[in-house]
Amino acid sequence: MRAELTVVPGLARAPAKLSARGVSKSFRNTRGGTVPALDDVTLDVGQGEFVCLIGPSGCGKSTLLNLFAGLERPDAGELSIDGRPIGAPGPDRAVLFQDPALFPWMSVGANVEFALEMIGVPRDERRDRAMHWLKRVHLGRFAQAQPHELSGGMRQRAALARALVCQPEVLLADEPFAALDAQTREILQGELQEVWSETKNTFVFVTHNVREAVFLADRVVLMSAPPGTLVAEHRIEASRPRDFEDVLLSKVVVDIHAHLSREVEKVVAREVDR
Amino acid sequence: MSHAKSIARQLWPRVAAIIGVVVLWWLAYASGFFNRAVLPSPGQVLGAFARSLAEPHPPRESILAATQASLIRLMVGLAIGIAAGTVVGLGMAMSTTVQRSVGSLMSGLQALPSISWLPLAILWFGLTERAILFVVIIASIPAVAIAAASSIRLVPPLLVRAGRTMGARRWMLYRRVVLPAAVPGYIAGLQSAWALGWRALMAGELIATGGKGLGHLLDLNRQLWLTSNIFAVMLMIVLVGMAVEAAFGVVDRRVRSRRGLLATT
């Protein structure tokens, strides 16, 4: 069964910032076979909307993100930003990876300035703007440090500063906190929520952590066992700033978790059959 | 641990190794088992070394002049070899066709000891400077090319993707992301190019003398049966090698520690 989930009451008329229409994508494995990753996915993300993509591993949520980023090309279907087809990656769509992907030969400050250099910001302006964002993520003192001198959480903060310094319209995040310990993750989630409530970027956030998704998102989109399609979505109406202890949120977490578990079980059953 | 203590701890095994060799050598000499014209004592070699440093030593050349001549040849040969090897390596990294065609030639070339080119080089260029340079160049090209190509190919794809999402493209992406990321591997290539080039140069100078250089001085002293001088020249070759290796070590450590690639002790 294929779920059409694009028409959401109250959202249908809102202009889509990002849009995927009937997108399919498969990959070639090493034995020459093809592995379908995405199957006929249609998704609109509104201007300034925070969407979390969630699903079992291999469901293509990262693939969908890479397609929006322009790092991959779809086999079928169309992707657009502001109604224009998505081509190569560009600074209008900043990406946060699971690994901070800082350049190890540059200082933390130079890493952030690099993003500005790529969009042609003059040299003397770069330093100030980079510093401003490093301070926003509490790394003001570490501009001169090398990335390897920072902790995992600090590195991911630096990556966030690098992503935001160009004031991108769209922020795409691929499990950026997955490799962090639980405490650091919660702190960064809180800070991300804070920053986002000011910047109001359109945000697509991939995670497999239901609690994280519910805490951050306006809308949680659940993807099926691979090949990924969209099977359900939940609007999270709770006002911000949100609290991890919020009872209503906890209830949503339980609901989504139950649904996700069924999808994960399908994956596991298939893996065991082989 | 204090700085002085840590230096001492690093230094003593090296000093002990040298002392050990000298003691064994001296014992061999003192035993009288070897003809003293064939095996000089450590003291005699050191004396020959010191004398040849102090004055233009007979025959004709001082060890310093020979060292200078060899180093100039090495630098000229390496400069050409590294430049050519880098261009070839970049080509191999950027095009699969070049990798498959030229790359396999480079692997083959690397398997061939460069000194085996000397007979051909002598026929082509005569017993000249150019024949020796040719051997140095041919020794360094494949090492640099293969290291450049493989270090570029091993750049973490994630860094390239990150660069692309920030809008870096083509040459900008190459110049600011791919090449800097490949630097540690490239330095390793330069290091092996120098080592191969230095060996090729010594062998080349032994045979195609060119009238100067450390290899030439070795051969000259052999003809004159000056074993102490032969040992002194060998000592110089070792010292030059250790100095260059040490310089590479410093550069390599600096690059790596900046990137957090050094295990801290």
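The following dialogue explains how to read several features of a predicted model.

Visitor: What conventions apply to this model?

Guide: This is a predicted model, in which local features need pLDDT of at least 70 and side-chain atom pairs count only at pLDDT 80 or more, while totals for chains, interfaces and linings use all residues. Residues are numbered from 1 along each chain as its sequence is written, and chains are lettered from A and ligands numbered from 1 in the order in which they are written.

Visitor: How many helices and strands are there in chain A?

Guide: Helices (H or I, at least four residues) and strands (E, at least two) are DSSP runs, numbered from the N terminus. Chain A holds seven helices and ten strands. The radius of gyration is taken over C-alpha atoms, and the globule rule is 2.2 Å times the number of residues to the power 0.38. For chain A the radius is 19 Å, close to the 19 Å that the rule gives for 274 residues, so the chain is as compact as a globular protein of that length.

Visitor: What share of the residues of chain A count as buried?

Guide: A residue is buried if 20 or more other C-beta atoms lie within 10 Å of its own, exposed if 12 or fewer, and partly exposed in between, with C-beta atoms placed from the backbone. Of the 274 residues of chain A, 45% are buried. A:Ala110, in helix H2 (residues 108-118), counts as partly exposed because it has 19 C-beta neighbours inside 10 Å. A:Asp255, in helix H7 (residues 247-273), is partly exposed as well, with 15 other C-beta atoms within 10 Å.

Visitor: Why is helix H4 of chain A described as largely enclosed?

Guide: Eleven of the 13 residues of H4(A) are buried, so the rest of the structure largely encloses this helix. Among them are A:Met154, A:Arg157 and A:Leu164. Two residues are in contact if their C-beta atoms, placed from the backbone, lie within 7 Å. The buried residues of H4(A) pack against S6, H2, helix H3 (123-136), strand S7 (170-174) and helix H5 (182-199) of chain A.

Visitor: How many residues does each chain bring to the contact between chains A and B?

Guide: Chain A gives 20 residues and chain B gives 15. On the side of chain A that touches chain B, strand S6 (93-96) and H2 are the elements that give two or more residues.
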